[in-house]
Amino acid sequence: MASNTTGTLNYFVAPPDGSRPYTNINADSTTGKPIHNWIQEPHDMQIEDARGKEELYKLDNAGFQYGREAANHTSFLKDDEIEREYYPESIDLIKRVTGATSIVIFDHTIRRRRPGEADDSPQKRQPVSLVHVDQTTESAISRVHRHLPPTEAPALLRRRFQIINLWRPISHAAVDWPLALCDFRSVDVEKDLLPVALIYPDREGETLGVKYNSDHRWKYMKAMTPEEFVLIKCFDSIQDGSVARLTPHTGFQDPNTPDGTPLRESIELRALVFYD
């Protein structure tokens with residue numbers, strides 16, 4: 001049975017002084033608070049449980065796609081083991097689901113919710129509680145140049161390419177702080193999205209902040225298990241309106257979460273996905 005819920009989702013409001021929005025990837029180690037110059041605006045939104053209706057949501061119409069396939073790698077404790085064991089099986093999975101011809105996984109993030117702990121390093125990432133999209137067109141193109149040889153990048157950029165995240169719970173079902181996804185068909189790409197500089201210690205990237213729109217249609221999958229996954233489209237080079245381009249998403253606190261529920265743990269891989 002579907003378990004629709006209501007969640008308070010934090011939307012993006014641009015800096016009042018008109019300055020360029022930015023976010024520092026690491027929180028302030030002293031206060032534990034994010035470092036940014038924009039404003040969060042909470043809105044209570046209806047979030048529909050997609051369980052049992054997964055077939056309605058595909059990468060090319062909604063911008064995300066659920067599936068069920070257990071991973072062979074299950075410990076998710078050491079980065080080198082994840083890269084050696086989980087990356088290859090994930091490449092195979094994404095190829096089978098999308099029909100892509102080549103895939104390059106460029107990073108992964110493990111999130112373990114730890115109340116009161118500062119999200120100030122890659123080892124302490126918490127669920128993101130802000131509606132966002134991981135990439136802009138500019139940052140997606142930059143990713144191709146950054147992660148592929150200069151002899152190959154120009155030809156690859158002439159083909160269709162995407163950036164897709166593969167997200168799944170680890171250790172136990174994600175009842176605590178589940179992942180909400182916004183159906184692309186409810187997004188106004190001209191009005192709802194604004195580039196935000198993402199400041200790393202050694203470089204700068206760019207994400208999309210998402211402004212509130214009452215038309216947004218939010219979905220989640222109640223109690224997703226480690227044997228289930230969702231593919232999240234963050235960018236598509238086809239931008240003629242024929243397919244979904246991206247998926248706003250966020251973690252959220254489900255008010256129906258029982259006391260004592262294990263804290264959310266999840267992994268997302270980020271992949272460059274190319275087609276012939």
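**View 1. By class, 4 nonpolar, 1 polar and 3 charged residues make up the lining of the largest cavity.** The model is a predicted one, in which local features need pLDDT of at least 70 and side-chain atom pairs count only at pLDDT 80 or more, while totals for chains, interfaces and linings use all residues. Residues are numbered from 1 along each chain as its sequence is written, and side-chain values use heavy atoms, with hydrogens and water left out. The class nonpolar takes in Ala, Val, Leu, Ile, Met, Phe, Trp, Tyr, Cys and Pro, charged takes in Asp, Glu, Lys and Arg, and polar the others, Gly among them. The volume of the largest cavity is about 40 Å³. Its lining consists of E69, A70, A71, Y86, E89, S90, L93 and R168. Helix α1 (residues 79-98) supplies 4 of these residues, the largest share. A cavity is a set of points on a 1 Å grid over the protein atoms alone where a 1.4 Å probe fits but cannot get out; a pocket is an open set with protein on both sides within 12 Å along at least five of seven lines; lining residues have an atom within 4 Å of a point. Volumes are the space filled by probe spheres set on the points, which are joined across faces, edges and corners.

**View 2. The second largest cavity has a lining of 6 nonpolar residues, with no polar and no charged ones.** Its residues are W167, A174, P178, L179, M221 and M224. The space inside is about 30 Å³. The structure holds 2 cavities of 30 Å³ or more.

**View 3. The second largest pocket has 14 lining residues.** T137, L193, L208, R245 and L246 lie nearest the centre of this pocket. Two or more lining residues come from each of α2 (137-147), β10 (193-199) and β13 (228-236). Helices (H or I, at least four residues) and strands (E, at least two) are DSSP runs, numbered from the N terminus. The pocket volume is about 170 Å³. By class, its lining has 7 nonpolar, 4 polar and 3 charged residues.

**View 4. Helix α1 has a kink of about 35 degrees at Y86, shortly before the proline P88.** The bend at a residue is the angle between axes fitted to the seven residues ending there and the seven starting there. The buried residues of α1 are I82, Y86, Y87, E89, S90, L93, I94 and T98. Buried means under 20% relative accessible area, exposed over 50%, and partly exposed in between (1.4 Å probe, protein chains only). Residues three or four places apart in an α-helix point the same way, because there are 3.6 residues a turn. The cover over the buried residues of α1 includes β6 (102-112), β8 (161-169), β13 and β15 (265-274). G99, with a positive phi near 80 degrees, follows the helix.

**View 5. T98, in helix α1, has side-chain polar contacts with the backbone of I94 and of A100.** A polar atom of the T98 side chain lies 2.7 Å from the backbone oxygen of I94. The T98 side chain also reaches the backbone nitrogen of A100 at 3.1 Å. A polar contact is a pair of N or O atoms within 3.5 Å; within protein, one must be able to donate a hydrogen and the other to accept it, and residues adjacent in sequence count only if both atoms are side-chain atoms. T98 is buried, at a relative accessible area of 18%. Leaving out residues up to four places away in sequence, T98 touches (heavy atoms within 4.5 Å) L59, I164, L231, V273 and Y275.

**View 6. Two polar contacts between side chains join R125 to N26 and Y11 to H216.** R125 lies in the loop between β6 and β7 (132-133) and is buried, with a relative accessible area of 10%. The contact between R125 and N26 is 2.9 Å. Y11 belongs to strand β1 (residues 5-13) and is buried at 0% relative accessibility. The contact between Y11 and H216 is 2.9 Å.

**View 7. F76 and W177 are residues other than glycine with a positive phi.** Most residues other than glycine have a negative phi. F76 has phi near 55 degrees and sits in the loop between β5 (64-68) and α1. Its relative accessibility is 3%, so F76 counts as buried. W177 has phi near 45 degrees and is found in the loop between β8 and β9 (179-182). W177 also counts as buried, at 17% relative accessibility.
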